[in-house]
Amino acid sequence: MKLKAFGLVSLLLVISLSGCLSEDEKPTNEVEEIRLNDLTMKGTHNSYHVKTPGIASLNPENNYTHANLDIQADRLGVRQFELDVYYVPGMGLRVYHTPLDPSTNCEGFSGCMNVLLNWSIENPKHAPLWIFVEPKDLPFVVDELNILQMINDEITSTWPAEKIVTPSEVQGDETDLRTAIITKGWPTLEESRGKTLFVLLDKSEIRDQYIANNPRLENQTMFAIVDENHSLASVISFVNPMTHGDRLREASEMGFMVRTRPDEATVEARENNYSRFELALNSGAHFITTDFPGSDLDIQYSIWLPEGPVMCNKYTAPPHCTTRTIEGWGNYTPFSNP
C-alpha cells in the first residue's frame, strides 16, 4: 500500500513539475529527420548506353551495356541516372553517346525520361531519383540554339511539377541556394519520396551560360555543378576519389550532394579491381556512378552497394538511419556475381 502511495505521489510530482517547464526546457524524444544528403545511392554513367557493334572492340572505353532504365531502377537499385543530350534538327533532343557510338536503350530525351517517370509512378515510395543531364553539342551551338532552355522546357512538359524538387524549392526564403543548404539543409526523405531532382552535368562554358542566364536558378529545373564557395553550390562532382577524396569528403560534410565514380573508361572492370570503389564508399559520396551496375553479363566486375539499393551516408546520416527505413529492397537482385 505504501509503495502504491509513493508511486502516486511521484506521478503527481512529475505532472506538476512538467507544467512549470518552459517549451525550451521540456525534454524531447524527437528524432532527427533523414534528409537527402544523408543517403548514398548507386548511379550509372551514360545510363542509356548500349555497345555499338564494332565500336566496342575498337575502343574498350565504350565496351559496356546498360539494361533499360526502368530495369536499372527496379532490379539494380539505381537511383541516379545520366542522359547525354544532342539537338538534332527535325528530331529535337536525342540521347546517345557520340555519332560513332550511337546505340541507346531509349529513344529521345522525353522518351528516356518517360521510362523513368512511368517506373516512378508505379513505385511512389521510392527514394528520390536524380537525373543528370549533359548537353553534348558545342558550347556555341548550345548558346545559339538555346538548347539549355529546350532541355528545361522538355523536362517541365514531361515530368509533373509536383514530382520535381527544384533549386528554388530547396532555396526557399534564404538569400541563395548555398546558404539554404548549409544552414537549413536539403529536403527530408519523407517529403521527397517519389520525386526527382535534375542536375546539369557540365563544368564548361555551357554551365557558365546556364548560371549567367539564371543567376538564382529561378523557374529552372536543373541544379548546377559549381565550386563549394559559389552562391549556387549544391552538387559537387569529382570523378576520381583517388585524387579528390579529401575534397569530396569535406564537401559532403558541409552538406552538399557529392558525386564520384568507382570506375572509369572500363579500366577497373577489365582488371576486376575494386580498390577505387572502396575509396568512393569512403569519400562520403552520395552518388557512386558506375558503368557496371550489375547487368553486363559479358564481364565479371559489377558494383553493388553493400547494404542495399540506397544506404545511409557514413558521414552525414544520423545514428538512427537504417537502410531498410530508407527504402525496401524490392527486386534488388544481382544479374551477375559481383
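This is a predicted model: local features need pLDDT of at least 70, side-chain atom pairs count only at pLDDT 80 or more; totals for chains, interfaces and linings use all residues.
User: Let's start with V78. Why is V78 called buried?

Analyst: Its relative accessibility is 0%. The cut-off for buried is under 20%, so V78 counts as buried. V78 sits in strand 2, which covers residues 78-88.

User: What does V78 touch, apart from residues up to four places away in sequence?

Analyst: The list is K42, G43, T44, Q72, A73 and P293.

User: Which residues touch the most other members of the largest nonpolar core?

Analyst: That core has 83 residues, and the ones with the most contacts to other members are L83, F109, W130, I151, W186, F198 and V235. Helix 4 (residues 109-122) supplies the largest share of this core, six residues. Take L83: once neighbours within four places in sequence are set aside, its contacts include Y48, L69, V95, F109 and I131.

User: Now charges. What makes K51 and D298 a salt bridge?

Analyst: The N to O distance between their side chains is 3.0 Å. The rule asks for a Lys or Arg nitrogen within 4 Å of an Asp or Glu carboxyl oxygen, so the pair qualifies. K51 is in the loop between strand 1 (39-44) and helix 2 (55-58), while D298 is in the loop between strand 9 (287-290) and strand 10 (310-312), so the bridge ties together parts 247 residues apart in sequence.

User: Is D298 buried or exposed?

Analyst: Exposed: its relative accessibility is 64%, and the cut-off is over 50%.

User: How do you know that D208 and R207 fall in separate accessibility classes?

Analyst: D208 has a relative accessible area of 37%, so it is partly exposed. R207 has 14%, so it is buried. Their side chains meet in a salt bridge at 2.9 Å, N to O.

User: What about E228 and R247, where do they lie?

Analyst: Their side chains form a salt bridge too, at 2.9 Å from N to O. E228 is in the loop between strand 6 (222-224) and strand 7 (235-237), R247 is in helix 11 (residues 241-254), and the two are 19 residues apart. E228 is at 12% relative accessibility, so it counts as buried, whereas R247 at 31% counts as partly exposed.

User: Which residues do salt bridges with shared partners join into one network?

Analyst: K51, D296 and D298.

User: And how many salt bridges does the rule give?

Analyst: The count comes to 14.

Key: Residues are numbered from 1 along each chain as its sequence is written. Side-chain values use heavy atoms; hydrogens and water are left out. A nonpolar core is a set of buried Ala, Val, Leu, Ile, Met, Phe, Trp, Tyr and Cys residues joined through side-chain atoms within 4.5 Å. Buried means under 20% relative accessible area, exposed over 50%, partly exposed in between (1.4 Å probe, protein chains only). Helices (H or I, at least four residues) and strands (E, at least two) are DSSP runs, numbered from the N terminus. Contact means heavy atoms within 4.5 Å.
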